[in-house]
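Morning, everyone. One structure today, and I'll keep it short. Have a look at the screen.

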Amino acid sequence: NIPICTSGAMGKKKGGDGGGSAVENLKQYRDGNSVDLSHQDRDEAPVAALAANLLLTKVDLSGNSITTLPLGFGQLLHIVHLNLSKNGLTELPEAFGKLESIRWLDLFSNNLTRLPYSFGNLKQLRWLDLKGNSIVEGFLSADVIGPCANDTECKACAKGVLARVSDLAEKRKKNDERLDRKKQRELEEQRVVEKEHKASEKAKRKEEWLRAQDEKSTERQAELEAFRGLLKSAEKESVEDTPVEVAVQETSLLKMLSPIDSRCHLTWCGSVVVLLLLPMLLLIFVGAHQKP
């Protein structure tokens, strides 16, 4: 016989696995490969203690006050037969789908509204009781859950639920992929918009720079035209003053050259006279020496 500890004898029973406390000893609740932890007013599942006993394949946690299961519950891969009925569970962790060895599962009379999509991975499940829960109609219909009044109906429930959850998981996967593709498209569109915006900003900055250069060029052209105007004015004033100055300079030059011209005229005349007299003097000199 497996000893059962009532709530009156134990009080509120914790799982005994958290907060650094020692792993709970389940020896007194064991019977071969089975352990009966039902109706002990537990609010936690003793995951570490169950994980430490790999030979346990049948676990009964029914009639407690367990509302959630820790993520570590998914490491209990050796469990084949699991009773979680009458606990008040509000959800099952996504890691629950790792319990691929489970063949018999009792979830009767809890507060579940849906099952994790990983539930479809429990391919070995052959018996399931989901009565007494609040599974939303859009997730699982009453026809799929069934009355589960006997083994045949519970087996049908297991088969129908697995098929339905697997189908929902596949649809969710496709929907996630569609959303991912949509998100990728949106990201691509956003990148294109940002690229176009940057190109537009760059073109705008270039246009502003060219406009500024044109303004500077216009200013330089205006300055150059003004400078040319000043040069023309200066040249005009210089031309008007030049005739008077030239006339004065020509008069001074003629005065300077007049004595020179007179001197040059006298010197030229003397040279001509000398040239004419020189042959006559030579003839006279030669004739005088030829007389006896």
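A contact here means heavy atoms within 4.5 Å. Take residues at least 6 apart in sequence: of their contacts in this protein, 44% join residues at least 24 apart.

Ground rules next. This is a predicted model, so to speak of local features takes pLDDT of at least 70, side-chain atom pairs count only at pLDDT 80 or more, and totals for chains, interfaces and linings use all residues. Residues are numbered from 1 along each chain as its sequence is written, and side-chain values use heavy atoms, with hydrogens and water left out.

Now the elements. We have 4 helices and 6 strands. Both are DSSP runs, numbered from the N terminus: helices are H or I with at least four residues, strands are E with at least two. What is the order from the N terminus on? The elements run α-β-β-α-β-β-β-β-α-α.

Surface next. The protein exposes about 19800 Å². Carbon and sulfur atoms supply 57% of that. Those areas come from the Shrake-Rupley method with a 1.4 Å probe; for residues, only the protein chains shown count as cover. How many of the 292 residues count as buried? The figure is 25%. Buried is under 20% relative accessible area, exposed is over 50%, and partly exposed is in between, with a 1.4 Å probe and protein chains only.

On to salt bridges. The rule: a side-chain nitrogen of Lys or Arg within 4 Å of a carboxyl oxygen of Asp or Glu. The count comes to 8.

Start with Asp 129 and Lys 131. Their side chains meet in a salt bridge, 3.0 Å from N to O. Buried or partly exposed? Asp 129 is buried, at 7% relative accessible area. Lys 131 is partly exposed, at 23%.

Now helix H4, residues 151–290. Glu 188 pairs with Arg 191 in a salt bridge, with the closest N and O atoms 2.3 Å apart. These two residues sit 3 apart in H4, so about one helical turn separates them. Glu 188 is partly exposed at 41%, and Arg 191 is partly exposed at 42%.

Further along in numbering, Arg 228 bridges to Glu 225, closest N and O atoms 3.4 Å apart. Both lie in helix H4, 3 residues apart, about one turn. Arg 228 is partly exposed, at 41%. Glu 225 is partly exposed too, at 41%.

Last item: a network. Salt bridges that share partners join Arg 164, Asp 167 and Lys 171 into one.

That's it from me.
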